[in-house]
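Hi,

Here is the structure I promised to pass along.

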Amino acid sequence: RWDSSSLAGSGARLLSYGRRPNGQQRISSSRLTVNAVGDIISRFERKGFALKGLKLFQTPQDLAEEHYSELKERPFFPALVKYIVSGPVVWEGPGVVASARKLIGATNPLNAEPGTIRGDFAIVSGRNVVHGSDSPANGEREIALWFKEGELVDWEPTVLPWVLEL
Ligand code: GDP
Ligand code: MG
C-alpha cells in the first residue's frame with residue numbers, strides 16, 4: 001500500500017478572456033486547490049501578460065453555477081460548482097485567450113503536456129486546478145460576472161515595450 005498525503009489549501013482557478021478596444025484581450029481565472037497560487041500566477045507574469053484583477057473570496061454557489069451555465073446538464077456539474085471555491089484572476093495581452101489555453105493545458109490532465117499547469121499540477125479532470133475562458137466573448141462575460149466596475153486595475157507594465165512591438 002502506498003503512503004498518501006492529502007492536498008489541501010490553495011491553487012488558483014484562473015479565468016476569463018476578452019477583446020478590448022485596443023486589440024488586447026483579457027482573461028480571468030479563479031480556483032484555489034493546490035497550494036500553487038503564486039506559481040500559477042507567476043507563469044502568466046513570466047509570459048508577459050498584465051495582471052489586471054485578482055480577488056480572493058468564497059465563491060457563492062449561484063456565481064459558480066452562472067459561470068459554468070453551459071455545462072449545467074453534464075453529470076459532473078454539481079461537483080464542478082463545489083470545486084470553485086476561490087476567486088478570479090484577470091490577465092490582459094494580445095492573444096491571451098489562446099495563449100492561456102496553452103499555458104493551462106488540456107482539460108483532462110492525462111492529456112496535458114508536462115510544462116503546462118494541468119500537466120504539472122493535476123491528475124484528474126475534476127481537479128484540474130485552473131479555469132481559462134475559451135473565447136474573448138466568454139472572457140468578457142466571465143469578467144463581468146466576477147468583477148464590479150472599478151475593480152480591475154487600469155495600468156500598463158513599464159516593460160511593455162520590451163514585451164510587445166508597440
Ligand atoms: P476547460 O475549458 O478545459 O476547463 O473544460 P470545459 O469547459 O469543457 O469544462 C469545465 C471544467 O469542467 C473542466 O475544467 C473540468 O474541471 C470539468 N470537467 C470537464 N469535463 C469533465 C469530466 O469529464 N469529468 C469531470 N469530473 N470534470 C470535468
Ligand atoms: Mg471551458
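**What I found**

Of the 166 residues in the protein chain, 44% are buried, where buried means under 20% relative accessible area, exposed means over 50%, and partly exposed is in between (1.4 Å probe, protein chains only). Please keep in mind that this is a predicted model, in which local features need pLDDT of at least 70 and side-chain atom pairs count only at pLDDT 80 or more, while totals for chains, interfaces and linings use all residues. Residues are numbered from 1 along each chain as its sequence is written, chains are lettered from A and ligands numbered from 1 in the order in which they are written, and side-chain values use heavy atoms, with hydrogens and water left out.

The protein chain has seven helices and four strands; these are DSSP runs numbered from the N terminus, with helices being H or I of at least four residues and strands E of at least two. Starting at the N terminus, the order is β-β-α-β-α-α-β-α-α-α-α.

**Around the ligand**

The side chain of T107 has an N or O atom 2.5 Å from an oxygen atom of ligand 1. N128 has a polar side-chain atom 2.8 Å from an oxygen atom of ligand 1. Taken alone, ligand 1 exposes 540 Å², and the protein buries 72% of that; the areas come from the Shrake-Rupley method with a 1.4 Å probe, and for residues only the protein chains shown count as cover.

**Salt bridges**

There are five salt bridges in the structure, each being a side-chain nitrogen of Lys or Arg within 4 Å of a carboxyl oxygen of Asp or Glu. D39, R43 and D120 are linked in a network of them. R43 meets D39 at 3.0 Å, N to O, and both sit in helix α1 (residues 37-47), four residues apart, about one turn of the helix. R43 also forms a salt bridge with D120, again at 3.0 Å, N to O. Since R43 lies in helix α1 and D120 in helix α5 (residues 117-121), this pair ties together parts that are 77 residues apart in sequence. R43 is buried at 12% relative accessible area, whereas D39 is partly exposed at 37% and D120 is partly exposed at 38%.

Another salt bridge joins E151 and K55 (2.8 Å, N to O). E151 is in the loop between α6 and α7 and K55 in the loop between β3 (50-54) and α2 (61-67), so the pair ties together parts that are 96 residues apart in sequence.

**One more buried residue**

E92 belongs to strand β4 (residues 88-93) and counts as buried, at 3% relative accessibility.

Cheers

Conventions:
Polar contact = N/O pair within 3.5 Å; in protein donor to acceptor, adjacent residues only side chain to side chain.
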